[in-house]
Amino acid sequence: MTIDWSIITDWVQAIGSVAAVWAAFAIFSRQNREHNAREQNAAEAKITAARAVLKRSHEAIRRAHSKMTRSAKTTFALGNVSATEEDLDECIDLLCSVPLFELPSTDLVTRVMDARYWLNTARRRTEKVREALEAGASMDKDLYKDPLNHLTQAADF
């Protein structure tokens, strides 16, 4: 019996072609899974960072509200106003650095935008507190109530 080498080489070539197609598909599948995992990790990192900034902003407003509603013995002093201004400015800067168009959910974008608005509102109200303290006038103790309520909602998820 004689071996027809042309048939054997055809079979080897066919098997090699099938193996190459299978290997290419396997490599593509693995790369696609790795890419999806990286995308998921990046999205989770953005969510975690945005949450941390929202929580930090909520705490800043909570502290300001707490200072305003203390007993008459420990009033909101000018030093407290300066510290509150710095605290709010830092939070505003942090929120402004959150890349809105890269956030993975519209809910999170809305929360960050709401927090920006209410932090800026609280910052303007802090300026009114400074003016009232410098003038010796009385202040509304609930200046930070609305920003606190809204930031509580924004940070609560």
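I take contact to mean heavy atoms within 4.5 Å. The model I have open is predicted.

**Overall form**

I began with the fold. I count four helices and zero strands in the protein. From the N terminus on, the order is α-α-α-α. Next I looked up the dimensions. The C-alpha atoms fill a box of roughly 115 × 20 × 20 Å along the principal axes. The radius of gyration is 30 Å, whereas a compact globule of 157 residues would have one near 15 Å. I then checked burial: 29% of the 157 residues are buried. I also looked at contact range. Of the contacts between residues at least 6 apart in sequence, 75% join residues at least 24 apart.

**Helix α3**

I went to α3, residues 106–135. This helix has 30 residues and reaches 44 Å from its first C-alpha to its last. That is close to the 44 Å expected at 1.5 Å a residue. What happens to the backbone just after α3? G136 takes a positive phi there, of about 75 degrees.

**Aromatic pair**

I searched the whole structure for aromatic pairs and found one. The partners are Y117 and W118, in an edge-to-face arrangement. Their centres lie 5.0 Å apart, with 85 degrees between the planes. Is W118 buried or exposed? W118 has a relative accessible area of 14%, and the cut-off for buried is under 20%, so W118 is buried. Y117 has 47% relative accessibility, so Y117 counts as partly exposed.

**Largest nonpolar core**

I listed the largest nonpolar core, which has 29 residues. L54, I61, L95, L103, V112, L119 and Y144 touch the most other members. The elements that give two or more residues to this core are α1 (5–68), α2 (78–96), α3 and α4 (145–155). Which helix gives the most? The answer is α3, with eight residues.

**Helix α4**

I finished with α4. Its buried residues are P147, L148, L151, A154 and A155. They cover an arc of only 125 degrees around the axis, so they sit on the same side of α4. Which helices do they pack against? I find α1 and α3 as the partners of the buried residues of α4.

Conventions:
Residues are numbered from 1 along each chain as its sequence is written. This is a predicted model: local features need pLDDT of at least 70, side-chain atom pairs count only at pLDDT 80 or more; totals for chains, interfaces and linings use all residues. Side-chain values use heavy atoms; hydrogens and water are left out. The expected span of a helix is 1.5 Å times one less than its number of residues. Rings of Phe, Tyr and Trp (its six-membered ring) pair if their centres lie within 6.5 Å; planes under 30 degrees apart count as stacked, over 60 as edge-to-face and the rest as tilted. Buried means under 20% relative accessible area, exposed over 50%, partly exposed in between (1.4 Å probe, protein chains only). A nonpolar core is a set of buried Ala, Val, Leu, Ile, Met, Phe, Trp, Tyr and Cys residues joined through side-chain atoms within 4.5 Å. The arc is that of the directions from the helix axis to the C-beta atoms. The radius of gyration is taken over C-alpha atoms; the globule rule is 2.2 Å times the number of residues to the power 0.38.
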